[in-house]
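This briefing goes through a few local features of one protein chain. Look at the sequence and the structure first, then read the points below.

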Amino acid sequence: MTGFKSDFLRTLDERGFIHQISDPEGLDAACVKGPITGYIGFDATATSLHVGSLIQIMMLHWMQQTGHRPISLMGGGTSLIGDPSFKDEARKLLTPADIDANIAGIQKVFDRYLAYGDGPTGAMMINNADWLTKLNYLEFLRDVGRHFSVNRMLSFDSVKLRLDREQSLSFLEFNYMILQGYDFVELNRRTGTVLQMGGSDQWGNIVNGIDLGHKMGTPQLFALTSPLLTTSSGAKMGKTASGAVWLNADLLSPYEFWQYWRNTEDADVARFLKLYTTLPMPEIARLAALGGSEVNEAKKILATEVTALLHGRDAAVAAAETARKTFEEGALSADLPTVEIPRSELEAGLGVLAAFVRAGLAGSNGEARRSADGGGLKVNDATLTDVKRTLGLGDLNETGAIKLSLGRKKHVLLKPV
């Protein structure tokens, strides 16, 4: 369906967030009548979400900006089990203390995108442990479990993938989709929630919740999923050669986060501006029309706007300025990523290839050597020509560190402690 009447669905549609809607006309009408309450669930499996979750966070952001009430549901209960969807093996079981610490870390990110409060559009953060940990097993089986068909559950792609690969799927994990469906019903009872959103891989689980609600007497519930994003070259969002692109600043600095977006492929710039920034659509159209070397200016704007939403405008501007000085002036900056090493290692002499591995700029000495052979490694802005040299205290620059560079865009300060 196109030509949505509600600001919410029209905004999501023009920005590329919509993959599937269970009842487009019904949801659109409810949004016009609104405000409605909708949610997305996030399992607390780490102290931070990564950039792959950012599309979901932006959906909640736009929900609130267009006059509705978003809920960020923390999976304090479901995280005790772990979502088996499209996983090759079971997740490591977390303790309640682990999960509480993870939720505290994740909440810092949501505070940047949502305004929590008691008003009709005030965002809510709710923990499904509030009801899941209090369930009586026999009552739950009688009241909820009887509505689920094992035959149908076995047909879901997320389950079939594990079974086809002959990976063991525990009864614990099999229960996850029942609990997720029950969350939808419980949120409807507690807050009047009528919409669950998520990635397209969650479609089956969300529809399960709608079916369960119908059987348990809830009003009409709705599902909306976003496309699963990959870059134009097919890479998964949120993964790089050096690891996950975390949203919390203590795991990934604002500068490194800015750099991730600055390195966006040309073909992805317009799409990412729509999904990950709040720039007006006419401005995005102007930036998308830039060609040649001008596309780099669009990438810088993308990087700065996405970073400003997450880390604040000051941090975004500082990251952009650090990049400008580093790339255009070859200057040093204390804002560059820093890797600490024992001072004794420099006193004894640290092999230069090993240093690049320690800095995370190469996966192995062999990889570093190949980069050096192509002229891609620099030490203190000087191209590395001798791969057998060692780094010592005499290589420290005026900041008391050694600047290591891979190409023009990746720089790390190696600092003795």
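Asp 266 is partly exposed, with a relative accessible area of 48%. This value, like the others here, comes from a predicted model.

**Salt bridges**
- The count of salt bridges comes to ten.
- Lys 299 has a relative accessibility of 7%, so it counts as buried, the cut-off for buried being under 20%.
- Asp 268 and Arg 271 form another salt bridge, with 2.8 Å between the closest N and O atoms.
- Asp 268 is buried at 1% relative accessible area, whereas Arg 271 is partly exposed at 30%.
- Arg 358 forms a salt bridge with Glu 345, and their closest N and O atoms are 2.7 Å apart.
- That pair also links distant parts of the chain: Arg 358 belongs to helix α18 (residues 352-358) and Glu 345 to helix α17 (residues 343-348), 13 residues apart.
- Arg 358 is partly exposed, with a value of 37%, and Glu 345 is partly exposed too, at 23%.

**Helix α13 and its cover**
- Helix α13 spans residues 269-276, and its buried residues include Val 269, Phe 272, Leu 273, Leu 275 and Tyr 276.
- Among the elements that cover these buried residues are α1, α3, α12 (254-262), α14 (281-288) and α15 (295-311).

**Crossing of α1 and α3**
- The axes of helix α1 (residues 7-15) and helix α3 (residues 54-65) come within 9 Å and cross at roughly 140°.
- The contact involves Phe 8, Thr 11, Leu 12 and Arg 15 on the α1 side, and Met 59, Trp 62 and Met 63 on the α3 side.
- The crossing of α1 and α3 is right-handed.

**A buried serine**
- Ser 72 is in strand β3 (residues 69-74).
- With a relative accessible area of 0%, Ser 72 is buried.
- Beyond its neighbours within four places in sequence, Ser 72 is in contact with Ile 40, Leu 60, Phe 110, Tyr 116, Met 124, Met 125 and Ile 126.

**A nonpolar surface patch**
- Tyr 137, Leu 138, Leu 141 and Phe 171 make a nonpolar surface patch of about 460 Å².
- Helix α6 (residues 137-143) gives the largest share of the patch, three residues.
- Phe 171 lies in helix α9 (residues 171-174) and is exposed, with a relative accessible area of 56%.

Key:
Residues are numbered from 1 along each chain as its sequence is written. This is a predicted model: local features need pLDDT of at least 70, side-chain atom pairs count only at pLDDT 80 or more; totals for chains, interfaces and linings use all residues. Side-chain values use heavy atoms; hydrogens and water are left out. Patches are made of residues with over 30% relative accessible area and no salt bridge: like charges are joined within 9 Å, nonpolar side chains (Val, Leu, Ile, Met, Phe, Trp, Tyr) within 5 Å. Accessible areas come from the Shrake-Rupley method with a 1.4 Å probe; for residues, only the protein chains shown count as cover. A salt bridge is a side-chain nitrogen of Lys or Arg within 4 Å of a carboxyl oxygen of Asp or Glu. Helices (H or I, at least four residues) and strands (E, at least two) are DSSP runs, numbered from the N terminus. Buried means under 20% relative accessible area, exposed over 50%, partly exposed in between (1.4 Å probe, protein chains only). Axes are lines fitted to C-alpha atoms, for helices over the stretch in contact, and angles run from 0 to 180 degrees between N-to-C directions. A crossing is left-handed if the near helix is turned anticlockwise from the far one by less than a right angle, and right-handed if clockwise. Contact means heavy atoms within 4.5 Å.
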